[in-house]
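Work through the exercises below on charged and aromatic side-chain contacts. Try each task before reading its solution.

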Amino acid sequence: DFISAQENSISDFFPKIETLVSNDPSEGYFFMGSKGVSASGGSQYIAIVDNYGTPVFFRKMNKATSSIKPLNDGRIAYLHGVPRKLYFLSEMLQETDILSIKNFKPNGHDWDISDSGNILLMGESTRTFDMGQLVDGGNPNAEILDLVVQEFNSEYKLIFEWSSADYFEITDANENSPYVDFTENQMDYIHTNAICYDSDTSFLISNRHMDEISKIDKRSGEIIWRLGGKRNQFEFINDETRFSHQHSVRKLQNGNIILFDNGNLHSPQQSGTLEYRLDEKNKTATLIKRFAHQPDEVYSNHQGATQRIESGNTLIN
């Protein structure tokens, strides 16, 4: 709806953004979507905001929005609604296309697009399994939540499908996690919260309840390697702490990976961004840098994200 400037001001619909520090930030804009509302009378929104906290564009939304990204062709895309679907906006900010995972419940955490325009979406499937076969006291009719990955080409045709049920064990989950109980009625053993292209033939996923980053071969579906967690295959160098219940894995142009380390099982609990250089042949993961909030460390027990931007700076949310 169009709103008269005489009747309302932007502050009636968009939250005030306060800049605490501004020390030569990178040029450009922040693309934001609200996943939840806490203020009385608050609204969901998507927005493009400058370095002064001023929205150059915002739109009220009727449902939560996440993982909003500007694309190389000038469009914007984001996950929106219940169930989550991928929406595309033109350069004129008009909705053009909607894409959803097929035959499965969407996973609304993340998605990715390749340079050629292929798109990775995540979903969730369920099955019944006798957990008594694996652990004492396991539910004989437990509902198991599995990850499904689908890839679509630039014309939105489904070209690839993969399921974690074929390659991971339920007990790969970390039983020390407050979110994992092998005797519960429902088992979310993998809880994948991030996905990104690694190459034309592989992708990376962040499995929060396993404390693991995995690389998957799109040609065979096999797991190429596993970083972190019970099944870790790497020697960590310069990093005794490693990562815990992470989000937002991304591959950088230099071949390194970054991720947001929530740090749920760290002592003390603290969050930040980690950058690793991986030697995939010799299976070493060298910590290049650990970025933490300054001067006081911050702990985010869930969600959060990180991104390396063109200037070389690192954005942490």
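A salt bridge here is a side-chain nitrogen of Lys or Arg within 4 Å of a carboxyl oxygen of Asp or Glu. The model is predicted. It holds 17 salt bridges.

**Exercise 1.** Work out which parts of the chain the salt bridge between Arg231 and Asp172 ties together.

Solution. 
- Step 1: The closest N and O atoms of Arg231 and Asp172 are 2.8 Å apart.
- Step 2: Arg231 sits in the loop between strand 16 (223–227) and strand 17 (235–237), while Asp172 sits in the loop between strand 11 (158–163) and strand 12 (186–187), so the bridge ties together parts 59 residues apart in sequence.
- Step 3: Arg231 is partly exposed at 43%, whereas Asp172 is buried at 3%.

**Exercise 2.** Find the salt-bridge partner of Lys230, and say whether each residue is buried or partly exposed.

Solution. 
- Step 1: Lys230 bridges to Glu175, with the closest N and O atoms 2.6 Å apart.
- Step 2: Lys230 is in the loop between strand 16 and strand 17, and Glu175 is in the loop between strand 11 and strand 12. They are 55 residues apart.
- Step 3: Lys230 has a relative accessible area of 46% and is partly exposed. Glu175, at 43%, is also partly exposed.

**Exercise 3.** Assign a geometry to the ring pairs Trp162–Tyr167 and Phe243–Tyr276.

Solution. 
- Step 1: The ring centres of Trp162 and Tyr167 are 5.7 Å apart and the planes meet at 5 degrees, so this pair is stacked.
- Step 2: Trp162 is buried at 3%. Tyr167 is partly exposed at 24%.
- Step 3: Phe243 and Tyr276 are 6.1 Å apart, centre to centre, with 65 degrees between the planes. Planes over 60 degrees apart count as edge-to-face, so that is the label for this pair.
- Step 4: Phe243 is buried at 7%, and Tyr276 is buried at 0%.

**Exercise 4.** Trace the contacts of Lys69.

Solution. 
- Step 1: Lys69 belongs to a salt-bridge network with Asp110, Asp112 and Arg250.
- Step 2: The charged end of Lys69 also sits over the ring of Trp111, 4.5 Å from its centre.

Methods: Residues are numbered from 1 along each chain as its sequence is written. This is a predicted model: local features need pLDDT of at least 70, side-chain atom pairs count only at pLDDT 80 or more; totals for chains, interfaces and linings use all residues. Side-chain values use heavy atoms; hydrogens and water are left out. Helices (H or I, at least four residues) and strands (E, at least two) are DSSP runs, numbered from the N terminus. Buried means under 20% relative accessible area, exposed over 50%, partly exposed in between (1.4 Å probe, protein chains only). Rings of Phe, Tyr and Trp (its six-membered ring) pair if their centres lie within 6.5 Å; planes under 30 degrees apart count as stacked, over 60 as edge-to-face and the rest as tilted. A charge sits over a ring if NZ of Lys or CZ of Arg is within 6 Å of the ring centre and within 35 degrees of the ring normal.
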